[in-house]
Every structure is written in structure tokens, then in C-alpha cells.
Amino acid sequence: MSNNYSKYYKKTKADATKDNKKTNLEATKDNRDVAEAQKIDKTIYGILLAILAILPLLTRTKVIDFTSPQITNSSIGSGTVGDVFTYYKFIFLVIATSILIILFLYRTFGIGIPIKKSFINIPLAILALFVTLSALFAPYKSLALVGMYNRHEGAITYLCYFTLFFIAANLTYTKKMLHNVIYALYPIVIVNALLGLLGFYGVDLIKSSFVRAILLPKGLTEDMIGTGSQFITTINHGNYVSGISVVLIAIFMMMFILDKNKIRQALNALLATLSFAMLLSSLSRSGFLTFVIILPVLVILLVRSSEKAKSYGKLAIQLVLFAIIFVAMTTHNPKVWDESVGMFVAKNPFANDQQAIGATSLALNSDHYDLKNGSSVILNKEIADQYQKFAKEQLNKVSLFPTAYADSNDKTADEFQLPQLPESGIGAGSGRLFIWGNTFDLIKQRPLVGYGLDTFSYHFPQNDPEKIAALETHTVIVDKPHNMYINMVYGSGVFALLALLALLAVSFVKVVKTVFTQQLDNEQSIVFISLFIGWIAYLMQALFNDSVIGTAPIFWVIFGIIVSVYYKTHLETK
């Protein structure tokens, strides 16, 4: 690493000072700076790997006293609540990012390594500015700053994402370091594929005292776990598992196809297969739809392979492995077909009178409920009951149900007829089009700085009668728009979205040009293209999914690495 690092560091220093004539004393100082900078960068790199490997797995119940804004059109109230999936991820993210900022500032101002002049700097600065302004001008500032107690996706979290991206983009990576990035993604697949498959085949991990000890802190007992609760993922919800699964499938598939190391080939083929099983066990369509879209892109990119026939042969092998997993899981539960191939082929050859069985049925119900209402797998039954009671009381107060408060002696009450309410059902896109339509109405009212990130629950028209037709029931709380881009413009305004799109578009164009001007025949280019295809997959699935603290850091770190490798490639070709 030392020779490579020294080469790029000295090149950057020379460009910054515009003076290549150095005295012996200056040269000696530069060598010391290189050694010290290398140590700092190793530490920064290690923390980035820890974020990739550890943060998505942090899962433990945190009891929080939540103070809710008092809003007439929302049934979320203040009280003691529990979060399983996001609190400790948030704490870990904030601490890790704070350490990275300190190290990076020392690297820049203490050692004197200049920040790269990059196309990412201006749009990223604008994006960070408007995310900050959105929190400052939000109607509910503390909520916009930290986020909901069961999501923690406020302005602080987004600023951490941007920091990870910026720092990752300013490091220099050797081929060994790039391979380590791939290895750091193994834990999220292994753990969540295992949890998902155990739940899929009916193993109830909540009954395990070891699992309960991990999930429940002292003071919380087993009777606080709601009936039907399951521990089947470390990432909030099946939609998010589905979304990150397709990202990992794309990365590991490309690594298996292009890598020439036999051991790594076998490992990445296995990880791609586990990721596909993880996708199917999530019983969510968004990831599979993205997989169908991303597959032709992968086929096109393989044109740059130095061994095309061999590469396409490996692709066929991987697809056969996927098919075997698909048949095995669909045979066990026909719902797998419905949530994948069933989007394109209506007739399910695996369907029978037996619906989702065992733990799978419970997982499906939880998944469907969570799409509209929350993200907890472990529920305090008493709190849940109080929540539902409070929701019904609030709904009785709206004008749609005036007879609930009519005096028994009021003759007009007998003459009043309730309006015809829509029939219960699921709208287009599992209700997403209904949510998006209402969200655009909200955006029109605050287009510049938005409402603040993660404040969606308190501004969405929860009492809209059409919710029954689109989301099956009126008792659920819509707490997110199910689209990363819409969420950005809702939370931080139009300029934030434009800055994000500019950042993504410019990066895409530059990287694509690089991909189609080099042969995929060396380790750096292989990892680079693998991360790039995963990056594209994330952006595609984000059309149907929200950003979530368990998976978004993976995207932003990988994004930064892609930008860094892009610049390194250009430096080598000069």
C-alpha cells in the first residue's frame, strides 16, 4: 500500500503547491507526512469498513419516552415507545462519523493533504445546505433534526451520510482495500439470509433465550413481546431487505463473473445465491422488480469483459443457481411466486389451497402492515392496544363520523346519512400512487425548504377517506413516501432534490464513460464495475423504497469509493 499511497499523495501535493523543486529538508518532511497520512487513512478506512460490516446488524430494543406534536389529523401520541432496529444504528453512525470528521480535519489541516477538486463538491455542499435549512425552518424542528423514534432519519443522519460519502471519495484505495470492501458486505448477507430463511421455514427465534437476551435489555420481559412477533431481519422491514438484497446480488454476481481468483469466485457465487434467497424470503416485490431491470444492464456491461464467452457462461451458472433457490422456496410457499414472477405471469403453478404457512404467514402479515404503519417486529402489546384505541378515538372526531357525538334527543341525527365510504382495498403500487399523490400536494405548499426530513407522519392527511381504498384500512399511519427522491423533495425542498439528482447524474455519466473506455481485466476495474452495478441497483430500488439507516450508509460509502476510483483511474491514464 505504501508505494501506491506515496505516489498519489505526492502527486496531489505537487498539484497543490505547483512547486516540484524541493530541498532535502522539504523532501524529508514530505516522507514523514506520507507515513503519518497513511496511518490516518488506514484508521479512516477501517472505520468505513466497520460501518459497512457492523452498523446494519445492530439490533436491540430501546425504550424511549417520545413526545409527539399535538396534531388533529394524526393518531400518533406521546408516551413510552420501543424501537428495535434504528436507535443503536443511529448512535453508532453518529459516533463513527464524528471520529471520521476529527481524523479527516487533522488529515487536511494538520498534515496538509488538500481536499480533492471534484465534481461532487458543489452539488454535495448545496444538498447539505438545504438539508440543514429544512431542519432549521421545519414546523417540528427537533423531530426534523433527529427523526421519528422508530426511524432516526432526520437531518443529522443525512449529514452523516454526506460526510461518509465525502470522506470515502477523498481516500485512495489499493486493490486489496477494494476487495476488503466486498468482504465487509458479507456479514449483512450471511446474518439476514439466515434469519430470513429460518423465519421462512417456520423457525421461531423469539423462543430462543439467547436471541431474547440480545434483543431485550434488562427490565423488559418475554411477556412484553407481542403475539406473532418474529425476529427475521436486522433491517426494519421486508421492503428494505428486498431493496438491499438486489444491490448485494448485483455486486456479488459481477464479482463472481469477472474475478479470476477461484476462491473468491466460489465465495461470491455463494454470497450472490444467499442474497437471492434473502430477496425471496423478504416477500417484497420492489427488489425483484429491480433485479429484472438491472439484469440487462449487467449483461451489457459484460461486453467490456476480456473473456466474454466465459463471463456469459458464468452468468448462466449463477442464474441456474437462482432458479434452483426460487423453485425450492416457491414450492414451500407459493407466495414467493406472487411477490416475484407473479408481477409478470399471473398464473401461479405452485398455488394450492394452503396459503403462506407457519412463520411465513406471520412474516407476510407483519410486512404488509409495516408498509403503511411502522417498522417494529417486536411490539409491546399494551402499547399497541392503546395506540389502536387512540387511533379509533381520533377517527371518531372527524367530520366523517358526526353521529358519534350526536345528542340522543337531536332529531336531525336520525335524518343524517353517513357518506358512502370507499371499499377496503389495496391501490396501485401497494398504495404508493395514493401516497405520492398526497405528498405532491404537500410539496406544493413548502417547495423551497420542505417540512423537515422524517416528519412525514405529522403532515400527511391521515384522515383522507381514500386511504381505505388505497391502503386497506383507515387505522394505519402513513409515515414515509416509499420513494427516496420524493422523500428528499418533501423533507428538504426542490433545490435539495435538484442537487441530489445533479450529483447522481454527473457521477453516472463520468463513470459510464470510464467503464466503456477500459477493459475489465484487472482487479481494480473488476471491483469498480461491481460496486457501480450495485450503486445503480440501489438508485433503481429507491424509486419504490425509502432511505433507511440500516442500508443507506452502504450506498453512500460505496458511492464515495466509486468516485475515488474514478479519479484514480484518470490520474493513472494522464
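Visitor: Is the crossing of α8 and α11 left-handed or right-handed?

Guide: This is a predicted model, and in it the crossing of α8 and α11 is left-handed. Helix α8 covers residues 186–200 and helix α11 covers residues 262–281.

Visitor: At roughly what angle do the axes of α8 and α11 cross?

Guide: They cross at roughly 45°, and the axes come within 8 Å. Angles from 65 to 115 degrees count as roughly perpendicular and those under 35 as roughly parallel.

Visitor: Which residues of α8 and α11 meet?

Guide: On the α8 side they include Tyr 186, Val 189, Ala 193, Leu 197 and Phe 200. On the α11 side, Leu 267, Leu 271, Leu 274 and Met 278 are among them. Sorted by class, this contact has 12 nonpolar residues, five polar ones and no charged ones.

Visitor: How are α10 and α22 oriented to each other?

Guide: Start from the angle. The axes of α10 (residues 238–258) and α22 (residues 523–541) cross at roughly 155° and come within 8 Å. Angles over 145 degrees count as roughly antiparallel, so α10 and α22 are roughly antiparallel to each other. Their crossing is right-handed.

Visitor: Which residues make the contact of α10 and α22?

Guide: From α10, they include Gly 243, Val 247, Ile 251 and Leu 258. From α22, Ile 526, Ser 530, Ile 533, Tyr 538 and Gln 541 are among them. The residues of this contact divide into 14 nonpolar, four polar and no charged.

Visitor: Is Ser 311 buried or exposed?

Guide: A residue counts as buried under 20% relative accessible area. Ser 311 has 4% relative accessibility, so Ser 311 counts as buried. Ser 311 sits in helix α13, residues 308–332.

Visitor: What does Ser 311 touch, leaving out residues up to four places away in sequence?

Guide: Ser 311 touches Ile 257, Leu 258, Leu 302 and Ser 305. Leu 258 also takes part in the contact of α10 with α22.

Visitor: How many helices and strands are in the protein chain?

Guide: The chain has 23 helices and two strands. Of its 574 residues, 53% are buried.

Visitor: What share of the accessible surface belongs to carbon and sulfur atoms?

Guide: The accessible surface comes to about 24800 Å², and 63% of that belongs to carbon and sulfur atoms.

Visitor: Among contacts between residues at least 6 apart in sequence, what share join residues at least 24 apart?

Guide: In this protein chain, 80% of those contacts do.

Methods
Residues are numbered from 1 along each chain as its sequence is written. This is a predicted model: local features need pLDDT of at least 70, side-chain atom pairs count only at pLDDT 80 or more; totals for chains, interfaces and linings use all residues. Side-chain values use heavy atoms; hydrogens and water are left out. Axes are lines fitted to C-alpha atoms, for helices over the stretch in contact, and angles run from 0 to 180 degrees between N-to-C directions. Helices (H or I, at least four residues) and strands (E, at least two) are DSSP runs, numbered from the N terminus. A crossing is left-handed if the near helix is turned anticlockwise from the far one by less than a right angle, and right-handed if clockwise. Contact means heavy atoms within 4.5 Å. Ala, Val, Leu, Ile, Met, Phe, Trp, Tyr, Cys and Pro count as nonpolar, Asp, Glu, Lys and Arg as charged, and the others, Gly among them, as polar. Buried means under 20% relative accessible area, exposed over 50%, partly exposed in between (1.4 Å probe, protein chains only). Accessible areas come from the Shrake-Rupley method with a 1.4 Å probe; for residues, only the protein chains shown count as cover.
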